Amino acid sequence: MSNQQKPAFIYTYVCNDEERSLCRLEMRSFFGKDDASNILTSSIKIDPNRSPFMKERIEVLYEGNSVEDILEQAATLDMGESTFKVQFAKIYEPAPNEKIGYQERLKIERDIGWKIAGEADMKNPDQMLCIMPLKGKWYFGKLQKSEPIWLHHVKKPREYSTALSTRVARAAANIAVPHPEGIKAIDPCCGIGTVLVEALSMGIDIVGRDINYLVTDGSRENIAYFGLKGEVTTGPISEVTENYDAAIIDMPYNLYTHATPEDQLSILQHARRFAKKLVVVTIDTIDDMVEEAGFQIKDRCVARKGVFSRQILVCE
C-alpha cells in the first residue's frame, strides 16, 4: 500500500456549544469546508497552534482497513536517531457498533511500537506518532499537539471589559487571514490591541490604528509586553491611505466610543476603500449597512457567551 495516501492531514477539534458556530467558520476559512464532528480531514497544512479550537494534527503516513494493515506498514518505518512514542488518538471515530476499550487501545499502541525500528521513549520522545480509526478506516502518522498560546495573552497590562476574548480575537484573525504568506492586514479600530496581539503572535503582517490615543498607547504596551513588534498609529480611519488585503474591525461599542449608525456606515465605507476583504465583529445587525458600503457578506457566524452574542461577518 502506498505511503502517499489521502487525506494528508487529520485535525481534531474541541469547542463548546457557544463556540461551535465560530469554530466552524474558522474551519471554513482554513480549509474551505467544515465538519459537524470534531474531526476534519484536509490536504491543507495548518499549524495547530494557530487555532483556539484545534487540539491535534496528524500528518498521515499510512492508512488501512484494519489495525493489521497499519502494523504491516509500521514495520517499514525507521525512526533513525529520533526517539518516538505511539499514542492512540484522544478523539476518534470508530466504525459503527465498534467499541475500543482502554486496554485494547494500549495494546494497539504497544503492538505498533514493537514494529517500528527505533528507540521508544514514553516520557520525552523526539516524535509523537498516532493511530486513529475514522469512518471505517485506520490512519497512522506524525502527531503534533496544539499549544494554547492564546492563554498566555489573557492577562494584559492594559485591558477593558468589552474587549474581545483572546479566543474570539484569535479566531477572527484566522478568519481574516487564514494563509498569511504575502498578505497585508490592518485593524483600523484596534482598541487595546487584542486582535493585534493574536495576529502578530501567529506571524500575520498586520498594523493597528485607532482614533483614541489612550487606547493606541495601551495597544503598543500590550504588544511590547508579549515581546511582539507591530506598528500602531493614532488617527481616524478616514486617513488610512495604504491598501490592504484584509481588515479586521471590532465595531466600537463601549461606554466611551459607541459608534452611531452613521459612524458604523462611515467605518465600513472607508474599509471598502482600502481593504479587499473585511471581517467585522458587531453586536448589532448591520447587513444592510455592509451592503450599502459596497461589500457582500460571504460567510458569517455568531459567537455567544451566556446571553451576550456577537456576529462575525466575512465580507468581500
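Guide: Lysine 276 counts as exposed, at 57% relative accessibility. This is a predicted model, in which local features need pLDDT of at least 70 and side-chain atom pairs pLDDT 80 or more, while totals for chains, interfaces and linings use all residues. Residues are numbered from 1 along each chain as its sequence is written, and side-chain values use heavy atoms, leaving out hydrogens and water.

Visitor: Why is lysine 276 called exposed?
Guide: Buried means under 20% relative accessible area, exposed over 50%, and partly exposed in between, with a 1.4 Å probe and protein chains only. Lysine 276 has 57%, so the word is exposed.

Visitor: And why is aspartate 245 called partly exposed?
Guide: Its relative accessible area is 23%, which falls between 20% and 50%, so aspartate 245 is partly exposed.

Visitor: What makes lysine 276 and aspartate 245 a salt bridge?
Guide: The term asks for a side-chain nitrogen of Lys or Arg within 4 Å of a carboxyl oxygen of Asp or Glu. Here the N to O distance is 3.5 Å, so the pair qualifies. Lysine 276 sits in strand 12 and aspartate 245 in strand 11, 31 residues apart. Strands are DSSP runs of E with at least two residues, and helices are runs of H or I with at least four, numbered from the N terminus.

Visitor: What makes arginine 24 and aspartate 34 a salt bridge?
Guide: Their closest N and O atoms are 3.1 Å apart, so this pair is also within the 4 Å limit. Arginine 24 lies in helix 1 and aspartate 34 in the loop between helix 1 and strand 2, so the pair ties together parts ten residues apart in sequence. The structure holds 13 salt bridges.

Visitor: How do you know that Ile283, Val307 and Phe308 make a nonpolar surface patch?
Guide: A patch takes residues with over 30% relative accessible area and no salt bridge; like charges are joined within 9 Å, and nonpolar side chains (Val, Leu, Ile, Met, Phe, Trp, Tyr) within 5 Å. Isoleucine 283 has 33%, so it passes the 30% cut-off. The patch covers about 310 Å², with accessible areas from the Shrake-Rupley method and a 1.4 Å probe, only the protein chains shown counting as cover for residues.

Visitor: Where is isoleucine 283?
Guide: Isoleucine 283 is in the loop between strand 12 and helix 8.
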